[in-house]
Amino acid sequence: GIEKAGIHPLLTSEIEPNARKTILLNRPNIGLIGDINNYSASEIRKFANISENQEIDLVIGGPPCQAYSLVGRAVKEDNMDGDERNYLYKQYCKFLKRYQPKMFVFENVPGLLTAKNGKHFANLKKYLAHVGYKLDYRELNAKNFGVLQNRRRIIIIGWKAEYDGEYFYPQFEDVP
């Protein structure tokens, strides 16, 4: 979808082996790295072909959703409380803090809003504000954008204060 909007990704990060194969097959011209925590800032810039002083316009992503998924929480006796993936949003925030993109798009499942009684989402918003981003978020459904799936997602858009008012959400906001 982002490519259809005219944005050309430079780099992607994926840990899961089968997902990596899919990316390599479908997007061979985009740099691919594994766990972003295993690379220095200069290495990441090198893989993305971005100079040290070049600003980054946009970061798109989100941590794995299993820990926030209502299905995942329903099948786990501890309601996913002990799952380390609950805190992977912090890695995303650290990435934003390090690179200071003008804007970001964060995607995840609606359960992010209610996981741990909303604690994770509240902490995410607080941290993003702390590192200098204004936020807006909506629940959107992929079926409203020509995707053949009934797939609800939370989309958080964040922007630096100096870019206030220079974004918009897609027109379709009905979730069902």
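This is a predicted model: local features need pLDDT of at least 70, side-chain atom pairs count only at pLDDT 80 or more; totals for chains, interfaces and linings use all residues.
Tyr39 is partly exposed, with a relative accessible area of 23%. Phe47 is likewise partly exposed, at 43%.

A further pair, Phe104 with Tyr133, is also edge-to-face, with 5.2 Å from centre to centre and 85 degrees between the planes. Phe104 belongs to strand 4 and Tyr133 to strand 5, which covers residues 133-141, so this pair ties together parts that are 29 residues apart in sequence. Are these two residues buried or exposed? Phe104 has 0% relative accessibility and counts as buried. Tyr133, at 3%, counts as buried too. Both residues are members of one aromatic cluster, which is formed by Tyr92, Phe104, Phe106 and Tyr133.

The chain contains five helices and six strands. Along the sequence, their order is β-α-β-α-β-α-α-β-α-β-β. Of the 176 residues in the chain, 34% are buried. Among contacts between residues at least 6 apart in sequence, 59% join residues at least 24 apart.

I turn next to the interior. As a general matter, nonpolar side chains in soluble globular proteins tend to be buried together. Here, the largest nonpolar core has 22 residues. The residues with the most contacts inside this core are Val59, Leu96, Phe104, Phe106, Leu124 and Ile156. Which elements give two or more residues to the core? They are helix 2 (41-48), helix 4 (89-99), strand 4 (103-108), helix 5 (119-130) and strand 6 (152-160). Helix 4 gives the most, with six residues.

The angle between helix 2 and helix 4 is about 80 degrees, and their axes are 12 Å apart. Helix 2 is therefore roughly perpendicular to helix 4. On the side of helix 2, the contact is made by Ala41, Ile44 and Arg45, and on the side of helix 4 by Phe95, Arg98 and Tyr99. The residues of this contact divide into four nonpolar, no polar and two charged.

The packing of helix 4 with helix 5 has an angle of about 10 degrees, with the axes 10 Å apart. These two helices are therefore roughly parallel to each other. From helix 4, Tyr89, Cys93, Lys94, Leu96 and Lys97 meet His120, Asn123, Leu124, Tyr127 and Leu128 of helix 5. The residues in the contact of helix 4 with helix 5 comprise six nonpolar, two polar and two charged.

I shall close with a residue in a loop. Asn49 is found between helix 2 and strand 3 (58-61). Is Asn49 buried or exposed? Its relative accessibility is 69%, and since the threshold for exposed is over 50%, Asn49 counts as exposed. Asn49 and Leu10 are 39 residues apart in sequence, and their C-alpha atoms are 7.5 Å apart in space.

Thank you for your attention.

How values were computed
Residues are numbered from 1 along each chain as its sequence is written. Side-chain values use heavy atoms; hydrogens and water are left out. A nonpolar core is a set of buried Ala, Val, Leu, Ile, Met, Phe, Trp, Tyr and Cys residues joined through side-chain atoms within 4.5 Å. Buried means under 20% relative accessible area, exposed over 50%, partly exposed in between (1.4 Å probe, protein chains only). Helices (H or I, at least four residues) and strands (E, at least two) are DSSP runs, numbered from the N terminus. Axes are lines fitted to C-alpha atoms, for helices over the stretch in contact, and angles run from 0 to 180 degrees between N-to-C directions. Angles under 35 degrees count as roughly parallel, over 145 as roughly antiparallel, 65 to 115 as roughly perpendicular and the rest as oblique. Contact means heavy atoms within 4.5 Å. Ala, Val, Leu, Ile, Met, Phe, Trp, Tyr, Cys and Pro count as nonpolar, Asp, Glu, Lys and Arg as charged, and the others, Gly among them, as polar. Rings of Phe, Tyr and Trp (its six-membered ring) pair if their centres lie within 6.5 Å; planes under 30 degrees apart count as stacked, over 60 as edge-to-face and the rest as tilted.
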